[in-house]
Amino acid sequence: MVPHLTTALTGPLLELEKRFLDHATEIERWMRVQWQDHLPPFYGSTDLRNSGFKLAPVDLNLFPGGFNNLNDAFMPLCVQAAQAAIERICPDARQLLLIPENHTRNQFYLQNVAKLVSVLQLTGLDVRLGSLLPEITAPTTLELANGSTLTLEPLERHGARLGLADFEPCAVLLNNDLSGGVPPILKGLDDQWLIPPLHAGWHVRRKSIHAAVYDRVARDFASVIGIDPWRINPEFGVCSQIDFHERTGEERLADEVDALLTRIREKYREYEVTETPFVVVKADAGTYGMGVMTVRDASEVRGLNRRQRNKMSVVKEGLEVHEVIIQEGVHTFETVDDAVAEPVVYMMDHYVVGGFYRVHTERARDENLNAPGMHFKPLAFETCCSLPDCRQGPDAAPNRFYAYGVVARLALLAASIEIEETMPAEAELAA
């Protein structure tokens with residue numbers, strides 16, 4: 001039932017996984033204490049890369065859009081975790097308004113929304129969909145490829161509350177990352193839970209801020225189980241005031257890339273890693289794998305051709321890129337059906353609820369897999385990835401996925417702290 005993993009069955013990774021297993025009691029105790037101090041996001045997903053000598057998150061999404069890629073066996077876990085999240089936020093909630101992305105033709109995304117709706121309904125909520133699209137002026141039913149339907153309805157604002165024509169929800173759940181900014185209809189809401197908060201959207205959020213918080217979390221966690229935090233933490237740098245079209249900031253970017261590659265080479269020598277180090281330059285805000293390039297030498301970011309500059313200059317919603325994060329690249333040594341793959345772990349509240357492999361047949365193990373041509377392979381296994389079996393070897397399915405779940409939860413914890421620390425002032429919230 002488990003997609004075949006071709007990661008080497010001997011070597012440093014097994015030692016790292018064994019470290020997680022040997023310290024599972026301390027890990028779960030530490031996690032429990034952390035979640036007493038920090039409110040977990042309602043949901044999230046993280047992309048992991050497993051290089052054999054390093055297991056690290058490379059992206060964290062607070063508006064996950066792939067619930068349709070989860071194996072149906074995960075549905076009970078999703079429902080239980082969603083129930084816990086709702087009880088934590090608004091235990092007497094009856095009605096929930098879900099605001100999706102402005103997609104009406106993306107069948108994969110719409111199937112994600114349908115799966116999310118079904119999970120939330122099973123928690124005892126009446127769930128309806130409110131659309132930010134101006135053309136949705138009346139209830140509009142969309143036919144999905146899998147035979148189901150979704151009905152989008154126009155949002156209505158009543159004072160400081162948001163709802164539909166005949167629907168006053170207790171809470172509003174965003175599955176829209178607000179890359180294009182916050183629509184006026186969402187501003188200044190009062191006496192209503194807005195989940196996640198507005199400042200978690202990409203109009204405010206920065207990957208570099210998340211990386212800095214994750215760095216602190218990884219160091220704290222690493223001290224608990226006695227590992228070098230680098231084993232679970234990609235190093236990073238930031239470069240601002242860039243204009244890819246005008247080629248301004250190019251030399252500064254090359255210097256930052258060179259400095260980071262130098263640090264990575266030093267760690268590779270320390271761990272006797274023979275792979276070629278690389279970094280990933282990507283827009284500091286945004287999603288969908290846009291504005292991303294793999295770099296193995298600083299010279300590669302000098303004199304970019306027109307196609308490369310166009311690729312890096314704009315992201316979702318046509319937003320211009322003027323700030324990038326330079327992130328240590330982590331090779332992926334895993335394959336599914338002989339294609340390069342990386343695990344994506346889904347969480348609700350502070351629980352791991354499932355995951356899938358992102359697979360790309362035309363990409364190498366040191367390239368971004370979140371690109372056109374990718375497909376997904378659900379993770380399916382008999383036991384939950386939060387329940388290790390110490391009687392089996394570290395490479396046994398529940399144990400390998402336990403390691404994934406630990407690192408994914410560290411990224412989610414960093415997101416929780418990030419949201420707390422970037423909370424805008426009250427005056428800004430009312431604006």
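Helix packing and an open sheet

In this predicted model, E26, I27, W30 and Q34 of helix α2 meet V217, D220, F221, V224 and I225 of helix α5, where contact means heavy atoms within 4.5 Å. By class, this contact has six nonpolar, one polar and two charged residues, with Ala, Val, Leu, Ile, Met, Phe, Trp, Tyr, Cys and Pro counted as nonpolar, Asp, Glu, Lys and Arg as charged, and the others, Gly among them, as polar. Helix α2 covers residues 24-37 and helix α5 residues 207-225, and the two pack at about 145 degrees with their axes 10 Å apart; axes are lines fitted to C-alpha atoms, for helices over the stretch in contact, and angles run from 0 to 180 degrees between N-to-C directions. Helices (H or I, at least four residues) and strands (E, at least two) are DSSP runs, numbered from the N terminus.

Six strands, with mixed pairing, form an open sheet in the order β5-β6-β4-β3-β9-β10, two strands being paired if DSSP finds at least two bridges between them. At the edges, β5 (140-143) and β10 (193-195) each pair on one side only, and the twist from one strand to the next averages 30 degrees. Within the sheet, β3 (residues 95-100) and β4 (residues 126-131) run parallel and are joined by four bridges, and L98 has L129 in β4 as its bridge partner. Across β3, β4, β5, β6 (149-154) and β9 (171-175) lies helix α4 (residues 107-121), which runs at about 165 degrees to β3.

Residues are numbered from 1 along each chain as its sequence is written, and side-chain values use heavy atoms, leaving out hydrogens and water. Local features need pLDDT of at least 70, side-chain atom pairs count only at pLDDT 80 or more, and totals for chains, interfaces and linings use all residues.
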